[in-house]
Amino acid sequence: MALTELSIDQARRVAVHAQLLDAPRPTDLLEVVDRLTMLQIDPTAAVAPSADLVLWSRLGPAYRPEQLTAALDDRRLHETVAYVRPPGDVSAVVAEWVGREFHPAMIEWMAANDQFRRDILERLEKDGPLLSRDIPDTSAVPWPSSGWTNNRNVTKMLESMARRGQIAIAGRKGRQRYFDLPERVYGGPLDPLTHEDATRFRNERRLAALGIARASGPELPGEQAYVGDAGLEVTVAGTPGTWRVHEPHLEAVDASFTGRTALLSPFDQLVHNRTRAEQLWGFEYYLEMYKPKEQRRWGYFALPVLHGDRLVGKLDAQADRKAGVLVVNAVHEDVPFTKAMARDVDREIVDLAAWLGLEVSRG
């Protein structure tokens with residue numbers, strides 16, 4: 001098919017529609033996670049945990065965090081390292097990861113500690129599921145790091161094995177994870193996919209979730225934002241290079257698009273690739289929780305604000321659960337808000353507070 005040029009409005013609407021952030025809202029948690037392909041797990045709860053914020057942004061006040069917990073407990077969803085995923089994606093996620101292998105040092109460390117790995121498998125086969133604290137450290141070579149993972153050998157090995165499908169996360173006790181043999185968690189062995197087949201499947205899934213994305217770019221550990229040759233090659237007016245677009249989403253938004261206002265997690269896929277957000281929306285954003293307070297522009301855990309097909313600002317807010325309030329420090333306007341925009345954003349803030357069981361307190 002010939003190269004097609006999209007307007008910037010078309011590109012934005014495709015992305016918003018793909019992420020289930022247009023109207024009407026979806027209503028089914030499992031369908032939302034299947035469409036998004038994953039929820040990133042992050043322990044920061046300045047407002048609410050990211051996975052819960054992402055689901056609230058789609059499902060609205062009908063969503064309750066215990067619904068996600070129940071779906072994980074009864075295996076309708078699976079937790080992998082740092083993500084929640086639909087069961088049908090796990091085999092491909094593992095096979096794609098095994099073919100990428102970002103860190104040669106990790107490969108060398110695992111090889112040096114292969115007896116440690118076998119010890120873990122033997123212990124889990126006998127006594128699993130187990131918390132990491134219940135697994136002895138029999139490593140021959142400690143994990144070297146200048147950060148918090150230094151010498152955290154059991155956790156490092158468990159996560160490395162889980163990413164490779166050798167073990168699986170079986171559940172949680174608070175923030176601690178249980179690990180077990182994968183066949184006990186997934187109900188059988190993972191499908192034996194090649195790296196190429198897994199990557200092709202994952203590219204199609206990623207593009208359906210993102211709507212529009214780059215074919216390739218700088219790769220980092222974790223979830224990728226690139227989709228290879230999936231979909232249709234397009235250009236987007238006012239942006240450099242070419243993109244890939246999921247044609248069914250393009251057809252849907254060309255027929256009709258109804259936007260709404262939403263408050264997003266900083267880890268939301270709509271904005272998580274900062275370069276994409278800058279190029280499609282002119283949206284500048286950095287997560288500033290690691291910056292000294294005096295150096296922050298938008299706040300510790302500022303929530304991007306979507307209005308229709310535009311990213312229009314950031315909400316600096318924090319949940320003070322002891323005081324029973326959602327403290328709104330500022331609403332940063334990237335563009336001047338109209339009265340209607342201000343009203344819609346304020347309504348979302350009130351709805352967010354109500355969902356959290358809090359009252360709004362203006363800082």
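Two strands are taken to pair if DSSP finds at least two bridges between them, and the strands themselves (E, at least two residues) are, like the helices (H or I, at least four), DSSP runs numbered from the N terminus. The model described here is predicted, so that local features need pLDDT of at least 70 and side-chain atom pairs count only at pLDDT 80 or more, while totals for chains, interfaces and linings use all residues. Residues are numbered from 1 along each chain as its sequence is written, and side-chain values use heavy atoms, with hydrogens and water left out.

Strand β12 (residues 303–307) and strand β13 (residues 310–320) pair in the antiparallel sense over five bridges, and Leu303 has Leu315 in β13 as its bridge partner. Both strands belong to an open sheet of five strands with mixed pairing, in the order β11-β12-β13-β14-β15. At its edges stand β11 (261–263) and β15 (359–362), each with a single partner strand, so one side of each is left without a neighbour in the sheet. From one strand to the next, the twist averages 30 degrees.

Turning to helix packing, helix α1 (residues 8–18) and helix α13 (residues 274–281) pack at an angle of about 135 degrees with their axes 9 Å apart, where axes are lines fitted to C-alpha atoms, for helices over the stretch in contact, and angles run from 0 to 180 degrees between N-to-C directions. The two helices are therefore oblique to each other, given that angles under 35 degrees count as roughly parallel, over 145 as roughly antiparallel, 65 to 115 as roughly perpendicular and the rest as oblique. Contact (heavy atoms within 4.5 Å) brings Ile8, Ala11, Arg12, Ala15 and Val16 of α1 to Arg276, Gln279, Leu280 and Trp281 of α13.

Helix α8 (residues 153–163) is largely enclosed by the rest of the structure, because ten of its eleven residues are buried, a term that means under 20% relative accessible area, with exposed over 50% and partly exposed in between (1.4 Å probe, protein chains only). Among these buried residues are Lys156 and Glu159, as well as Val154, Met157 and Leu158. The buried residues of α8 pack against α6 (104–112), α7 (114–127) and β7 (176–180). After α8 comes Gly165, whose phi is positive, near 75 degrees.

Gly165 is also one of the residues touched by Leu190, together with Val90, Ser91 and Val94, when residues up to four places away in sequence are not counted. Leu190 lies in the loop between α9 (182–186) and α10 (195–210), and is partly exposed, with a relative accessible area of 23%. The C-alpha atoms of Leu190 and Ser91 are separated by 5.4 Å, although the two residues are 99 residues apart along the chain.

Aromatic rings of Phe, Tyr and Trp (its six-membered ring) pair if their centres lie within 6.5 Å, with planes under 30 degrees apart counted as stacked, over 60 as edge-to-face and the rest as tilted; by this rule the count comes to seven aromatic pairs. The rings of Trp56 and Trp355 have their centres 5.7 Å apart and their planes at 25 degrees, so the pair is stacked. This pair links distant parts of the chain, with Trp56 in helix α3 (residues 50–59) and Trp355 in helix α14 (residues 339–356), 299 residues apart. Trp56 is buried at 1% relative accessibility, and Trp355 is buried at 6%. Ring pairs also link Phe283, Tyr285, Tyr286 and Trp298 into a cluster.
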